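Please look through the sequence and the model shown here, and then follow the paragraphs below, which go from rings to strands and end at a helix.

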Amino acid sequence: MRETKVVCRELDCGNPVAESRPLVKEGRGGVRLESSCNGHESTLRQCVTKTYTCEGGYYHHVICSESVRLVDGAGLCSGRVEVKSNQSWASVCEADFDRQDAEVVCGEIGCGAPAALQGGLYGEGEGQTWDKEFQCKGKESLLLDCDTSDRENNTCLPGNAVGLTCSEPDDVRLVGGGSRCAGGVEQYDQGEWRTVGDDYWGDVAVVECRQLGCDSTVSVLPGNTTRGFGASCSGSEPSLRGCWRGYDLLPGLTVICSDLLVQPDISLTDSMGGVSRGHQGFEMFRGYNFTITCSTQPQYPGGSFLLMFTGSNRTQTQPAVNHSAAFLFPAADDSHQGNYSCVYDNYVVSHNFSSESELLSLTVTASPLPAFIIRHVVVLLILLTAITTSYLYYKPTRRQKRVNRVSSMDLYVNAMEMVSLSSRAEAGPGEARAAQGTE
């Protein structure tokens, strides 16, 4: 798209948004240009160009953004924001531009989501400064469709011309390789996925792996030759959009990038409740057993896991069973303290690949057993004190009740005797003797 960028610049339009190759109508001729541009030329004539007369066939259809552009950036999706006003381009002050405005700009020029937004990031503009504040909602198709308001401060200080970096568009993929980082190269074009071909395989593969975030290229193999288009890259482009595009049918590419395997996971568990998660990582009580588990997503069968211990030559290796492996440590001690990582190795697509997990930090601390015993002893002493106090309280109370019961019986017996004597005194001597005889 380097030639397209030059065309948009020469026409005083914005950034190139898209290019396609519609069919020429029957009977319509044209001029065929084979141009080689670096993207910084002011006009197409400054490029290395060969001219041919053609009858029928295809011609390039270019779409440029009409009212906004990014300039002085590293690619099509980065640069200083400029807005077209009265047939001239004006830079935008950082105070008048926020993330929602950036979302609209990135979408308008055919890029991904905003990645960086900063004043002075791509230098200062030489012309005027936009005198409005944008108030986009983030859903508009064009920046000039957004609401605007008068700027509170009419001046924009030096170093505040807003610079914007958008992520590269999600318009390329590798298919058929079992991983997002391996397979045939395809690019989304005119509503469908098309094969990308190249006579010089290496540079397109380098750009493809970089755009997908798959690190470097491991190998490039010939792929299927199907409907698509050719591409030619220098290898420095941030994405395939920055490469030259041709519509001759070229051999497809099968690319394998170095980040073929996804990053494995690492975790730590125990069966005795002796592990906890602290600010610096995991904390393990001395003497408790623990298990470190390595696992990965089910991309490819087989492979093995290497458990590495930072600061030591000690390593352990186990085969991957159901895409995981468990490493058991019977008793934690000070020698187990440090950082661990899992390395997953596998031989796929005729190459050896490996991927390493994040670090797991482990600290071994003293066993909590003495404190556990002290807590239980304290609880037992409290219970014993309570039982003793209750016993001492209730014991005299029961004795007192018994004394009271005895005194009451004595009083009752004495009272009955007194009643009996009184009855005898009231009766005559004969009744008394009769009563005694009866007794």
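A charge is said to sit over a ring if NZ of Lys or CZ of Arg is within 6 Å of the ring centre and within 35 degrees of the ring normal. By this rule R277 lies over the face of F282, at 4.5 Å from the ring centre. The model is a predicted one, in which local features need pLDDT of at least 70 and side-chain atom pairs count only at pLDDT 80 or more, while totals for chains, interfaces and linings use all residues. Residues are numbered from 1 along each chain as its sequence is written, and side-chain values use heavy atoms, with hydrogens and water left out.

Rings also meet one another. A pair of aromatic rings is described by the distance of the centres and the angle of the planes. Rings of Phe, Tyr and Trp (its six-membered ring) pair if their centres lie within 6.5 Å, and planes under 30 degrees apart count as stacked, over 60 as edge-to-face and the rest as tilted. The structure holds eight aromatic pairs, and one of them, formed by W130 and F134, is stacked, with 5.5 Å centre to centre and 5° between the planes.

F309 and Y340 form a tilted pair, 4.7 Å centre to centre with 40° between the planes. Because F309 lies in strand β23 (residues 304-309) and Y340 in strand β26 (residues 338-348), this pair ties together parts that are 31 residues apart in sequence. Helices (H or I, at least four residues) and strands (E, at least two) are DSSP runs, numbered from the N terminus. F309 is buried, with a relative accessible area of 9%, and Y340 is buried with 1%. Ring pairs link F290, F309, F329 and Y340 into a cluster.

An open sheet of three strands has the order β19-β22-β25, with antiparallel pairing, where two strands pair if DSSP finds at least two bridges between them. β19 (265-269) and β25 (324-329) stand at the edges with a single partner strand each, so one side of each is left without a neighbour in the sheet. Strand β22 (residues 290-295) is joined to β25 by six bridges, and T291 stands opposite L328 in β25.

Lastly, helix α2 (residues 99-108) has D101, A102, V104, V105, C106 and E108 as its buried residues. The helix is followed by G110, whose phi is positive, near 80°.

Notes. Buried means under 20% relative accessible area, exposed over 50%, partly exposed in between (1.4 Å probe, protein chains only).
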